[in-house]
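Subject: Structure handover

Hello,

Here is the structure I promised you. Please open it and keep it in view while you read my notes below.

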Amino acid sequence: MEVRKLHPIFAAELIGADLTVAPDQALIDTVEAAMAEHLVLCIRGPVISDEEHLRFARAFGPLELPGLFKPDAPRRMAYGLYDASNLDINGEIVDRESLRAKFAKGNELFHADSSFNDMPSKWSMLRGVIVPPERGDTQFVDLRHVYDELPQAMKDRIENLVAEHSYAASRIRGGVSPEEAERLRAAMPGALQPLVRVGPTGRKSLFVGSHAFRIEGMPDAEGRALIDELLAFASQDKFIYSHKWQLGDMVIWDNRYALHRGTEFDYERYKRDLRRANVNEYGEERAAGPLPSAITSDAKTAA
Ligand code: OGA
Ligand code: MN
């Protein structure tokens, strides 16, 4: 196996891994080491099955199960995977004006998956089952590097601050109505996250994203302005690795130290079927929070 860098700052490709067979310890160790260093790792190969995807994911931690489904509800994919596609249950492209599409639109803002959940989030593992022939990249930034690059005055300012994250907040920014956001808020209350995280090697990392909307102990507007300033700083082109999807790609990212976002493509014209497994650092395999019956069955992409 060989690890090749994809960007000067972070992100790499792992060559020579076969995900159609159960991962052995050598593969697990290689992936863990590459992830610790590069934060984003792409494994290219043939399109594997949902079951192979789930088996691979479970080798790295307990799954965070999608919370918006009943396990026996009709689905396009195996239970345990999140649907990040633009497709409905029959595999047809959803209406651009649908709630589903509006939810997906929120994914085009830089975020860390599940930062609104009070769970020990580890990685997302997103697989390209159908990819558009052009555009629709997924973009990433390394928040450890972003932290290093922050002016010292900003580092001092944010050192002990805590942000409140909520799914409703990022969906409002993506364009869902205030009424829909209210229902989301009731079902998913959100979580508190420090603005500065410390990684296993002691390296500090910024932790913001589109789910963050308020800073503890700060007037709302001031907190919002600080979050926006940090997000704008983190979103500079020079920090971004933009992943061009190829069929069969398995792209893994670390939600603790990286942000990601989707980008636009010809939504009405091209199918884009991406399926995601999320793993936590430890704990039980479970969905976050209560099953939100308040949410319309349409709203499938909790990201
Ligand atoms: C996700 C996500 C972005 C994309 O699946 O969590 O944010 O490019 N996807 O689809
Ligand atoms: Mn996401």
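Predicted model: local features only at pLDDT ≥ 70, side-chain atom pairs only at ≥ 80, totals over all residues.

An N or O atom in its side chain is 3.0 Å from an oxygen atom of ligand 1. The side chain of His 260 also has an N or O atom facing a ligand oxygen, at 3.1 Å. For Arg 272 the corresponding distance is 2.7 Å. The protein covers 98% of the 290 Å² of accessible area that ligand 1 has on its own.

Where does ligand 1 sit? Look in the largest cavity.

Now the surroundings. The shell around ligand 1 has 13 residues. Among the closest are Thr 138 and Arg 276. By type, the shell holds five nonpolar, five polar and three charged residues. Two strands, β15 (258-262) and β16 (273-280), each supply at least two of the shell residues.

Next, the metal. Ligand 2 is a manganese ion. Which protein atoms are its donors? They are NE2 of His 111, OD of Asp 113 and NE2 of His 260, lying 2.1 Å from the ion. Along the sequence, the donor spacing reads H-x1-D-x146-H. Asp 113 lies in the loop between α3 (99-105) and β6 (121-130), while His 260 is in strand β15, so the pair ties together parts 147 residues apart in sequence.

Find these residues in the model, then follow the notes again.

Best wishes

Terms used:
Residues numbered from 1 in each chain as written. Chains lettered and ligands numbered in written order. Heavy atoms only, no water. Near = heavy atom within 4 Å. Polar contact = N/O pair within 3.5 Å; in protein donor to acceptor, adjacent residues only side chain to side chain. Areas by Shrake-Rupley, 256 points an atom, 1.4 Å probe, with all protein chains shown as cover. 1 Å grid on protein atoms, 1.4 Å probe; cavity = no way out; pocket = protein on both sides within 12 Å on 5 of 7 lines; lining within 4 Å. Sits in = over half its atoms within 2 Å of the grid points. Helix = DSSP H or I, 4+ residues; strand = E, 2+ residues; numbered from the N terminus. Nonpolar A, V, L, I, M, F, W, Y, C, P; charged D, E, K, R; others polar. Donors = N, O, S within 2.8 Å, 3.2 Å for Na, K, Ca; no water.
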